[in-house]
Each structure stands twice: as C-alpha cells, then as structure tokens.
Amino acid sequence: MTATHLIEARGLARYYGSQCAVQGISLELHPGEVLGLLGPNGAGKSTTLSMISGNLAPSAGRILINGIDLLDAPRQAKRHLGYLPEHPPLYRDLTVDEYLRYAARLHGLARSEVSEAVELAKSRTGLEDAGHALINILSKGFQQRVGIAQAIVHQPAVVILDEPTVGLDPLQIREIRDLILELSREHGVILSTHILAEVQATCHRVMIINRGQTVYTDTLQHLAEQRPSTALKVAFA
Ligand code: ATP
C-alpha cells in the first residue's frame, strides 16, 4: 500500500450474522478525485462506506486513510475523514451553529478553532445566514447542507457522502451536485448513489457494486463506451 492515495482499501468483507453483505471490495481514492459508488438497493454501498468511514468494523480487510491504518489508529485516521451517512443523526432541536460547533469538537478541533471552522464550513455550504435556524425547520435540501457542513468542518482530506440527494426535489438535487463539485476542489470525494446522471455530473471514476461485490471500476469515459454491458445492466436495472 502507498501513502499517495487518500484512501486505499483492500479485501473488505462484512457479515451480518451468517449473511454476507460485502465481500472482497477493494478501492482507491486519489487526490482531487470524485469516485462514484453505484449499485442497486441492497448492493452493499452503505456497508462499504460505513467501513471506510470507521463507523462499522469490517469482518475482513484493511483500510488506509492518508497512509494511516484505520483499524490500528482510528482516531488519527478519522481526522482525515468527513462522513455524511445515508440517514444522518441531525440533532434537530439544535440550531445550525450549535450542531456544527458540536460536530467540530467531535472531530477533534480545539475550542479556540471552533468558531472560525464553523463560519468557514457554513460559507462553503451556503449556510451563512442559517446559523441561528433550528435544524428542524430547515428544508430537506438545507438539512443536507448542514450534514455536508459537519462533514467538512475539520477540513478533512476525504469527504464520504452516502446518497446525499435522496428525497430532494430537482432544484435541491442540482444545488447539492454543484456543492459536491465545489467540494472536489479541496477534498477527495466518494459519492454513493443509485443515479447514473448524478455520477455523470460529478464523478471522475465509478465503481459499481452488486450483491456485495465489485462488478466494474473505471473512468466515466469507459463507462459510456461500454454501455450496455452486463455489469451496467445490473447497476441500472
Ligand atoms: P441502499 O441503496 O438500499 O441503501 P446499499 O447498497 O447501501 O442499499 P447496504 O445497506 O449496504 O446496501 O446493504 C447490503 C446488504 O446488507 C443488504 O442485503 C442489507 O439488507 C444488509 N444489511 C445492511 N445493514 C444490515 C444490518 N444492520 N443487519 C443485517 N443486514 C444488514
């Protein structure tokens, strides 16, 4: 393994009891890259991202984040990661500022660093004027912005977004896509989605998984050339 990758994962597997959710998944994320993780319902996308973000222990495999072994040194490795889960716990009774301050501390920022970090995260996600708003009253699109803001508040090298546009209306989807493109100027990004158009609009490379296994990994250009292969039919069925 080499430290030139933001993420390098090898041979990931996860069992739930005797059920195998993910088997033999390997992936790399390069600096400046947006990697799309594509696959149908139940393919294993969230399980893979939960393992890579350090929130779910793999049954097998190894994960390096910026060269740091996530399983051996989770605190140090997680410092380089921001993660928006598919179903984020948004602490809806807090204001945006309160929640982001809390997230900043959770991510290990010192008290003296929090205010500046929160202001920067808000400005990068279009939340400059929403600091005093209760998360509860925000639209779903703005709640996703808050979720993304907490994922970048500590300026991680990598941002992992699990289906960030699910449940949003078309305008909100476009806004979140634009935001992802903005993020990719400063962070490596892994984006999980069901939607090919989302990958085409934002990703450099795509990895398709089905039934817990990788069926395709390549550039978007090759993806376009190969349609409709068996692997792609699986992903877009
Ligand atoms: P979706 O797009 O619907 O979110 P996904 O590609 O993210 O799907 P996962 O949520 O990772 O897929 O699920 C992969 C498999 O693991 C599925 O068969 C799912 O039912 C199973 N699974 C996921 N979480 C658990 C759990 N906590 N306990 C048992 N089985 C689980």
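Colleague: Is glutamate 163 buried or exposed?

Modeller: Glutamate 163 counts as buried because its relative accessibility is 5%. Buried means under 20% relative accessible area, exposed over 50%, and partly exposed in between, with a 1.4 Å probe and protein chains only. This is a predicted model, where local features need pLDDT of at least 70, side-chain atom pairs count only at pLDDT 80 or more, and totals for chains, interfaces and linings use all residues. Residues are numbered from 1 along each chain as its sequence is written, and side-chain values use heavy atoms, with hydrogens and water left out.

Colleague: Where is glutamate 163 placed?

Modeller: In the loop between strand E7 (158-162) and helix H6 (170-183). Helices (H or I, at least four residues) and strands (E, at least two) are DSSP runs, numbered from the N terminus. Glutamate 163 also has a positive phi, near 50 degrees, in a residue other than glycine.

Colleague: How far is its polar side-chain atom from an oxygen atom of the ligand?

Modeller: A polar side-chain atom of glutamate 163 lies 2.9 Å from a ligand oxygen. For lysine 45, a polar side-chain atom is 2.8 Å from an oxygen atom of the ligand. Glycine 42 has a polar backbone atom 2.8 Å from a ligand oxygen.

Colleague: And how much of the ligand does the protein bury?

Modeller: The protein buries 63% of the 630 Å² that the ligand exposes when taken alone. Those accessible areas come from the Shrake-Rupley method with a 1.4 Å probe; for residues, only the protein chains shown count as cover.

Colleague: Which residues come nearest to the ligand?

Modeller: Gly42, Gly44, Lys45, Ser46 and Thr47, out of 14 residues around the ligand. A residue is near a molecule or strand if one of its heavy atoms lies within 4 Å of it.

Colleague: Which elements give two or more residues to that shell?

Modeller: Strand E2 (19-29) and H1 do. H1 provides the largest share, 3 residues.

Colleague: How many residues of H1 are buried?

Modeller: 7 of its 8 residues, so H1 is mostly covered. Among the buried ones are Lys45, Thr47 and Leu49. Just after H1, glycine 54 takes a positive phi of about 80 degrees.

Colleague: Staying with threonine 47, what is its side chain joined to?

Modeller: The side chain of tyrosine 16, by a polar contact of 3.3 Å. A polar contact is a pair of N or O atoms within 3.5 Å; within protein, one must be able to donate a hydrogen and the other to accept it, and residues adjacent in sequence count only if both atoms are side-chain atoms. Threonine 47 lies in helix H1 (residues 45-52) and is buried because its relative accessible area is 11%.

Colleague: Different topic. Where does leucine 127 lie?

Modeller: Leucine 127 lies in the loop between H4 and helix H5 (140-152). Its relative accessible area is 0%, so leucine 127 is buried.

Colleague: What does leucine 127 touch?

Modeller: Not counting residues up to four places away in sequence, leucine 127 touches Val96, Lys122, Phe142, Arg145, Val146 and Ala149. Contact means heavy atoms within 4.5 Å.

Colleague: Last one: is asparagine 66 buried or partly exposed?

Modeller: Partly exposed, because its relative accessible area is 27%. Asparagine 66 is in the loop between strand E4 (60-65) and strand E5 (68-69).
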